[in-house]
Amino acid sequence: MNMLRGKREVNTSLLVSLALHSAAIIAFQLALMQLISIVQWHHFAYMIISIAMLGFGASGTLLALARSSLLKRAHWLVPLLMSTSGLFMILAFHITRLEVFQFDVYLLFVERSQFPILLANYLVFFIPFFTGALSIGMLFIEHAKHIGTYYFSNLLGSGLGGLLVLLLLNLVFPQQLPALIGLLSVIAGLAAMGSKTFRLLHVAIATAALIAAGLFLVRPGQIPISQYKGLAQALNLPEAEIVHTQPGIHGMTEVVASPALRFAPALSLSYTGPLPVKKNIFVNGDFYGVIPNYQRGQDEHILDYTTQALPWAVSSPGRILLLNAGEGAPLAHVFSHKPQHVDAIIPNRDVVRLFRHQFAAATDSLFFYEHLDIHRREARSFLASARDKPYDLIVLPQQDAFGGTAGINALQENYGMTLEAFRLMWASLSDEGMISASTWMDYPARTSLKLLASLVETAREAGIGSPGDHIAAIRSWGTISFVLKKTPISPGEAERIRAFAGERFFDIVLMPGMKDHEREQYNMVEDKMFFDYVDRILSGDDAFFQDYGFMVRPATDNKPYFSQFLQLSNIGYLSEIFGSDQVAFLELGYLIVLVTLLQSLILALLFIIMPLLRLRKSHRGKGGTLLYFGALGIGYMFVEIILIQRFVLYFGLPVYALSAVISTMLIFSGAGSLLSGRLSALPRSPARVGLAITGLLLVYTFLLTPILQWTIASPLLVKIVLSLLLIGIPSFFKGMMFPLGIRYLSEYDKSQTPWAWGINGSVSVISTSLAMIIAVEAGFTAVMTLAVCFYALAATVFMGHRLFFPVPASPAG
């Protein structure tokens, strides 16, 4: 069947190929993000993907510059491009595993030699996206009159591709994913191959892809991770080996054993016992925790010699809640104090499986204890449904890491550490209950101050006028621990804290009745102003947060970045104090996103402006095309990012929320695209739909979060149905906007349709980084408000179509 017949009718086999190929592209994008997150960190994954995804913008540019030439060859070029894209999906990641392509994100800001290697990585990952997007763009332009149907196929396939990755992550190792995914595009290309032109070349590419896929599936090899990741450092120890590896939806879980892996987490200087050898757990190459050698009935634990033992110096809590407990050491510590009952929140199912099966014997079946309930969900989701179970102690996971994290987690949402989360914890406490939180000391002080500010604000919101009467804090050479008690700390409790601190050589930072000299008896601090900062926060001095060089205000659900401290307005000031070379290592994660935005912006503008050289001045409506399709690209991505963040909180499992939101949005958008074919291509259609979307999003701006908070504790089935409605309704209408615009443009000036495709793809990439920066600086509400404005702009373009798409006056008769 001739592909070009699609100008007059819909080609079913081509629609199937398009859906398969679209599924492969979105699946490859998600798989690549997972792989690069293992090699480096997730922020760098966004950086690589953003540049690579500009292949969509570049394909639009090429189509605008060589439209006629490409479309003449569409019958053989589209299938060939699909298969070529599939081949490079299979090869791309494995090419970057070669030593010549390996570099480290930690060195990016200090060694210029890293940039050529970075550019080489960009190019390798760019190829499969560019060739894949070019084939899709050619189909859209060639079948512009049926764009609704073809766009539906594209979006439906993309949505199913997101679900496919979710399935494959549990079945195969991450490095095997590209081989399986790339074959989808190869199959799509072969299915669409109707012309004999270049058939031999096509078959050769498909054969090469099959051979490469088979090789990488049988011998996937190891993933070369950064030398600065915890797993790489652990494997450098004597006799270190990986004794267990398990792929899963939460990431690659690996267990490392070595006689040199000793567990000594900022131990007291008074500790004289042996340092136990313990196996370490790593997820995606990052340290996750240890496997404790615990025995039932054990009444002492090594963590009793750390500041984390502070709550037991205050009292003997019976009912305990461990939030995001993660691994076995905190759990073993809790049980050494003989609690009545423990609820442990451990979202990572793969880690729970480790302790219940492969390493159950090492922990004396700790995860099967009769007084323990394991909850495989996020802390916020559990807290919202557990208010009828008052706890004597709620323990938060230890924050930060020894030596700091260089801000690598700056843009990682942490809904378990927002003010809203602390309010739920407070409401879940018994009358004498406590919240305990610990962190490694960092310099300059950031995490410790933000943690204290969160506890102080929680107390004030609960109506406590003097938070200092309810807070105690002790400090070792490496960590600081806080306790916020629902009732004031009594003199007897204060004396027990003082005695415990003295025995362990800990310094008292905060406590009713504390003497100034007790703050620095055993362990010196690097910044002597630290205690002044603590006192200003405790006193409620709001000016401190304005004066301090870092963002240490409490995180909120609107800005849930607990580990984000850099303020853009203070970069110059911090550079003067610490030196420009050192600032990058204070907040590396945030700076990577800023660099990503800058790179994306430059390349996107290039891809958008270049076609203007081809679109001569005589071409009308270029401003309308730029505004409409640019607004759609930014608005769609802004809404997607907000929905992902809101539903991460709602479902409590980030991976599920990500796949569910993306897949639901794409599938419902595809349905809207299909229905758009029944609407007229007149300007009133996109104008009316755009206004409907604007109204819906305006309602969502104010009501979405309250609705999710009211129903977060509902049964799973109710939450699924509600999620489909909340995500699907606006997505359905948003899916109409692009095909309606393309149909109008194909009648108005078909030479601009490839440029519209390029604009939409280019600004979509920019908007990902831009939305993250806006969310950090102004909050998610600001991002949603801007999304409303962009859809209003898109509607305005067609409401005023005579201005934006002028029609030349007819010559006088």
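Modeller: Two residues are in contact when heavy atoms of the one lie within 4.5 Å of heavy atoms of the other. The model we are looking at is predicted.

Biologist: Then which residues is Val593 in contact with, leaving aside its neighbours within four places in sequence?

Modeller: Leu411, Ser769, Met772 and Ile773 are the contacts of Val593 once neighbours within four places are set aside. Val593 itself belongs to helix α22, residues 588-614. Leu411 is 182 residues away from Val593 in sequence, yet the two C-alpha atoms are 8.9 Å apart in space.

Biologist: Why is Val593 called buried?

Modeller: The cut-off for buried is under 20% relative accessible area. Val593 has 7%, so it counts as buried.

Biologist: What makes Thr479 buried, and where is it found?

Modeller: Thr479 is in strand β11, residues 479-485. Its relative accessibility is 2%, which is under 20%, so Thr479 counts as buried. Leaving aside neighbours within four places in sequence, its contacts include Ala266, Gln398, Trp440 and Ile474.

Biologist: What makes the pairing of the Thr479 and Thr307 side chains a polar contact?

Modeller: A polar contact needs a pair of N or O atoms within 3.5 Å, one able to donate a hydrogen and the other to accept it. The side chains of Thr479 and Thr307 make such a contact at 2.9 Å.

Biologist: How do you know that Ser381 is buried?

Modeller: Ser381 has a relative accessible area of 3%, and buried means under 20%, so the word applies. Ser381 sits in helix α14, residues 379-384. Its side chain is joined to that of Arg377 by a polar contact of 3.0 Å. Apart from residues up to four places away in sequence, Ser381 touches Ile712 and Lys719. Ala713 is 332 residues from Ser381 in sequence, with 6.8 Å between their C-alpha atoms.

Biologist: And why does Ser448 count as buried?

Modeller: The relative accessibility of Ser448 is 1%, so it too falls under the 20% cut-off and counts as buried. Ser448 is found in helix α16, residues 447-461. Beyond its neighbours within four places, Ser448 is in contact with Thr439, Asp442, Ile480, Phe482 and Phe530.

Biologist: Turning to helix packing, what makes α26 roughly parallel to α28?

Modeller: The axes of α26 (residues 716-749) and α28 (residues 780-799) come within 12 Å and cross at roughly 30°. Angles under 35 degrees count as roughly parallel, so α26 is roughly parallel to α28. Their crossing is left-handed. On the α26 side the contact is made by Lys734, Met737, Gly741 and Tyr744, and on the α28 side by Tyr791, Ala794 and Phe798. By class, these residues are 5 nonpolar, 1 polar and 1 charged.

Biologist: What makes α23 and α27 oblique to each other?

Modeller: α23 and helix α27 (residues 753-778) pack at about 40°, with axes 7 Å apart. Roughly parallel needs an angle under 35 degrees, and roughly perpendicular begins at 65, so α23 and α27 are oblique. The crossing of α23 and α27 is right-handed. Among the residues making the contact are Phe629, Gly633 and Met637 of α23 and Ile759, Val763 and Ala771 of α27. The classes in this contact are 14 nonpolar, 7 polar and 1 charged.

Biologist: What is noted about the backbone at Glu239, and is this residue buried or exposed?

Modeller: Most residues other than glycine have a negative phi. Glu239 is not a glycine, yet its phi is positive, about 60°. Glu239 lies in the loop between α10 and β1. Its relative accessible area is 66%, over the 50% cut-off, so Glu239 is exposed.

Biologist: Why is Asp364 called partly exposed?

Modeller: Asp364 has a relative accessible area of 25%, which lies between 20% and 50%, so it is partly exposed. Its phi is also positive, near 55°. Asp364 is in the loop between α13 and β7.

Biologist: How do you know that the peptide bond from Tyr443 to Pro444 is cis?

Modeller: Omega of the bond from Tyr443 to Pro444 is near 0°. Most peptide bonds are trans. Pro444 lies in the loop between β9 and α16.

Key
Residues numbered from 1 in each chain as written. Predicted model: local features only at pLDDT ≥ 70, side-chain atom pairs only at ≥ 80, totals over all residues. Heavy atoms only, no water. Axes fitted to C-alpha atoms, helices over the stretch in contact; angles between N-to-C directions. Helix = DSSP H or I, 4+ residues; strand = E, 2+ residues; numbered from the N terminus. Parallel < 35°, antiparallel > 145°, perpendicular 65-115°, else oblique. Left-handed = near helix turned anticlockwise from the far one by under 90°. Nonpolar A, V, L, I, M, F, W, Y, C, P; charged D, E, K, R; others polar. Buried < 20%, exposed > 50% of the residue type's maximum accessible area, 1.4 Å probe, protein only.
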